[in-house]
Amino acid sequence: MRPQIVLFGDSITQQSFSSGGWGAALTDTYARKADIVLRGYGGYTSRLALFLLQYLFPLGSEKPPAATTVFFGANDAALAGRTSERQHVPVEEYKDNLRRIVHHLKECSSTMLVVLITPPPVDEEGRMQYAKSVYGEKAMEQPERTNEMSGVYASHCVELARELGLPSINLWAKMQETEGWQKKFLSDGLHLTAEGNAVVYREVERVLTETWLPASELPYDFPHHSQIDWKNPEKSFQQQQCSSSI
């Protein structure tokens, strides 16, 4: 059976299977070699993610995921006292929630590869423009997120990964290496453009390749058509079954 790679996160993960999305690109890369499983929940925070663990990653599962990306923080970093205050999770709680998520995943499978991804940077001007385009005069007068605060959450995410010996992707820092990142990578000041999705894809694919899940080294689940004995195809699948049971 093909291994599973679960993408666990908020709306940036939920949207990753849309056209040009980073999850869709991973599915293409791992086609016939691994199943990319989408578990993205728009608007969710690390606090809400804790309630999902027992349903998405049940303990005692006979087939736990081989790898899971954990991509929360964009909503946790919403500022207290602003329009998205209900989503605000204090940064120390955010870090502890990530720790609890990792511990649960490792309890599911000690060999599971867990990759922590930081929230992306925030284009505050872009958030304001988006709000005005949607709500007009009722739009917020101040951005509900700031790039500075998202950076604080990103640093705590990276710090936790270092403490636990896990790979991490500092998306907040990576995107800001490119001039004009605000409009190039972010569609509304927070969510990703096609170019932003490409950055996430490249970073996730890089981490998977550097660890133990490079797509180039994973076998096909069934024989390539060039390897099938077309006069006796049953034989090819019997051989596949034998090799899979070894």
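## A network of salt bridges

Arg 2, Arg 32, Asp 35 and Asp 221 are joined in a network of salt bridges (a side-chain nitrogen of Lys or Arg within 4 Å of a carboxyl oxygen of Asp or Glu). This is a predicted model, in which local features need pLDDT of at least 70 and side-chain atom pairs count only at pLDDT 80 or more, while totals for chains, interfaces and linings use all residues. Residues are numbered from 1 along each chain as its sequence is written, and side-chain values use heavy atoms, leaving out hydrogens and water.

Within the network, let's look at one pair. Asp 35 and Arg 2 meet through their side chains at 3.1 Å, N to O. Strands here are DSSP runs of E with at least two residues, and helices are runs of H or I with at least four, numbered from the N terminus.

## Other salt bridges

The whole structure holds 14 salt bridges. One of them pairs Arg 145 with Glu 144 at 2.6 Å, N to O. Arg 145 is buried at 3% relative accessibility, and Glu 144 is buried at 2% (buried means under 20% relative accessible area, exposed over 50%, partly exposed in between, with a 1.4 Å probe and protein chains only).

In helix α9, Arg 206 forms a salt bridge with Glu 210. Their closest N and O atoms are 3.2 Å apart. Arg 206 is partly exposed at 30%, whereas Glu 210 is exposed at 56%.
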